[in-house]
Structure formats: structure tokens, C-alpha cells
Amino acid sequence: MGRLRENTTDPSDPGRRRRRRGNRFSPVDPDAYLLDPSLDEDRIVFTRITADSIGVYTADDKGQGAIRRLVDGPGDEMEPVTDDGRLAYVSKRDGESDIMLRDRDGTTVNLTPAPGTTAARLAMKDGTVAWRDGDNDHISVYDIATGASQRVRIQSFVFGEATDIQLTGDRVFWRETTAFLFRSDTFWSAPLSDLTQKKRIGTPSTTYGGQFSVNEQYFAYSTYDPSGALGAWTGKIGKVNVAPLADVVGGTPTYSRVSCSSGMQLSPQLGDGQRTVWLDTTAASTDVVTRNSFAGTCAQ
């Protein structure tokens, strides 16, 4: 899709202001890669990959400080998530992938001590940690305050896998991806109090290459049509749609558009309220675009 560049305003927003750039992190080693960024009120954490190590690094002072190592041991540490001073990450060593939790006092515990664990797709919010394990077909959640854990099998476990997990204060959401003949995606949710009460989000019922994001108020997704998911050009390019979260969970959502830009709108991420960021191809390149409020309806 072309070169990735920064752009902090929606090209379809008539009230947009001059583009501003944020802080850019460049590794000291020119051959290093920085991936999986996560931030809270005080810091940003990310995976740093070099030829001889994969570890978790950070920049304090709300992301403005110098890059320093947090975890870089004999195994591979990746997929870090920071929340309220805590750090969770995936540790890969000796054929296992475990979920490690470092508390504010620096103590670290293994949340998946059983042998043979293959955990991934880590999320953490408001004292809850969630991840995928098993044969990529189980969702696990852990309550930091009580030490209680739950685990549930996804619905499409025969041909599918859990490919994304996100949390709100009282629910866990995930995407189930099935790749039998062609890819399709469905979105699911369960209350953190009881994962067995999982249910499929009815609208959209099925997406193709679908991506989603949730916050405490809204659910947003972007998708293609079936032919577009197979690589054909149909003109039905991905757009970010959004609806109140309570309506989505309740089965009565009315979706509106986040942006009226003409390009593809990919990888949406919701911040607080209606604040949204996504990848946009309107300008014949791939821009990181943000918008403070939803567009609503768009003229056809």
C-alpha cells in the first residue's frame, strides 16, 4: 500500500488543522525493529528486535524519555502491554510461550506455568489480563486482584482460531478467523464475570479481513466484501463503521461512519470517547490518521 507516513488529521474533515508530528522512536542499532507499541499514562513499551535478541523496551516520561531495556533475557520477550504501571508480555523459551506479569514493585510471575503453553494475542486493562492459548482456540482471562482465572473455547475451533483480543472494564471481545476455502471473521464477546456467557456479535454477522476496536462507549470495525478479501478489486473498500457499544452487545446497533475519506480505512483503534486513529490510503500513501469525533453519515 505504499510508504507509511504520519498524518494526524482526517483528510475528509473540513475543520482539519495543519499536520503535526509526534515523537518518533528510532533504535540506536539501525538494524533493529520496534514493534507492538503499548502506552499508558506514564510510558510507552514495545518489542525491540535485533539479529541476536528480541526483548521488551520502554521510553518513560510519557514516551518522551530515552529508550531503555525492560526485559531482554535468554528467551524472546514480545507483545508487551502496559497499564497503570504494570507490564505483561509473552515470553518464548524452550518451545513454550508464557504470559509474564511484572507488578509495580518489580516482581514478576508466570500466569501460565503449566507445561506446553502456547499463549499469544495479549491484552490487559483495568486489572484484567487476557490472551489466546491452547491450539489457538481458547480465550483465557486473569484477574490480578483476586488471582482468579477463566478459560473458554471459541466457537469456530474446528477450522478457526482467535486472532485478536480486546478488553473493556467488564467484557472481553475477540475475533474468530476461519480459513476454510477462504477467510472470514466473526466478532464475539463475553462478560468478564462469566466467559461461558459468550455470544456472537450479530451485526456485522460476518466480515472478510475484518478488524475491530472497542472502548467503554463504542465498537468500531473495518472490513471488505468477500471478493475483496480474496484479492479482487471490487470498489467496496474497507471503511471504518462505529456504533455505541451497549447497542452492539445488545444486538441493536445502528452503525455510522468514522470518516468520509475516499481511501481504504484500515486497523481502526479507538481512544477515549470518539477519538479514533486508523490507516488511510486516500493520499496515495498509507497515512496514520486521527479524528476527534465521528463523521456520522457520508454522501454517496
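Strands here are DSSP runs of type E with at least two residues, and helices are runs of H or I with at least four, numbered from the N terminus. What you have open is a predicted model, where local features need pLDDT of at least 70, side-chain atom pairs count only at pLDDT 80 or more, and totals for chains, interfaces and linings use all residues. Residues are numbered from 1 along each chain as its sequence is written, and side-chain values use heavy atoms, with hydrogens and water left out.

**Stop 1: two residues with positive phi**

Select Asp126, in the loop between S10 and strand S11 (128–133). Its phi is positive, about 50 degrees, although Asp126 is not a glycine. Asp126 is exposed, at 53% relative accessible area; exposed means over 50%, buried under 20%, and partly exposed in between (1.4 Å probe, protein chains only).

Now step back to Arg121, which sits in strand S10 (residues 120–125). Arg121 is another non-glycine with a positive phi, about 55 degrees. With 33% relative accessibility, Arg121 is partly exposed.

**Stop 2: salt bridges**

While you have S10 on screen, pick Lys125 and Glu216. Their side chains meet in a salt bridge, 2.9 Å from N to O; the term means a side-chain nitrogen of Lys or Arg within 4 Å of a carboxyl oxygen of Asp or Glu. This pair links distant parts of the chain, with Lys125 in strand S10 and Glu216 in the loop between S18 and strand S19 (218–224), 91 residues apart. Lys125 is partly exposed at 22%, and Glu216 is partly exposed at 44%.

How many salt bridges does a search of the whole structure find? It finds seven, and another one to select is Asp137 with Arg153, where the closest N and O atoms are 3.8 Å apart. Asp137 is in the loop between S11 and strand S12 (138–143), while Arg153 is in strand S13, 16 residues apart. Buried or exposed: which is Asp137? Asp137 is buried, with 5% relative accessible area, whereas Arg153 is partly exposed at 39%.

**Stop 3: the S6-S7-S8-S9 sheet**

Select residues 76–83 to bring up strand S6, and 108–110 for strand S9. They belong to an open sheet of four strands in the order S6-S7-S8-S9, with antiparallel pairing; two strands count as paired if DSSP finds at least two bridges between them. S6 and S9 stand at the edges with a single partner strand each, so one side of each has no neighbour in the sheet. On average, neighbouring strands here are turned by 25 degrees against each other, direction ignored. For such angles, axes are lines fitted to C-alpha atoms (for helices, over the stretch in contact), and values run from 0 to 180 degrees between N-to-C directions.

Click on Val90 and you'll find Ile99 of S8 standing opposite.

Arg104 is in the loop between S8 and S9, and Asp84 is in the loop between S6 and S7, 20 residues apart. Arg104 is partly exposed at 48%, as is Asp84 at 44%.

**Stop 4: the S2-S3-S4-S5 sheet**

Move on to another open sheet, with four antiparallel strands in the order S2-S3-S4-S5. Its edge strands are S2 (33–39) and S5 (67–71), each pairing on one side only. Neighbouring strands are turned by 35 degrees on average, direction ignored. Five bridges join S2 to strand S3 (residues 44–49); pick Leu39 and look for its bridge partner Ile44 in S3.

**Stop 5**

Cys260 lies in the loop between strand S21 (256–257) and strand S22 (265–270), and Cys298 in the segment after strand S24 (286–291), 38 residues apart. Cys260 is partly exposed at 33%, but Cys298 is buried at 15%.

**Last stop: a cis peptide bond**

Finish with Thr203 and Pro204, which are joined by a cis peptide bond with omega at about 5 degrees. Pro204 is in the loop between strand S17 (199–200) and strand S18 (208–214).
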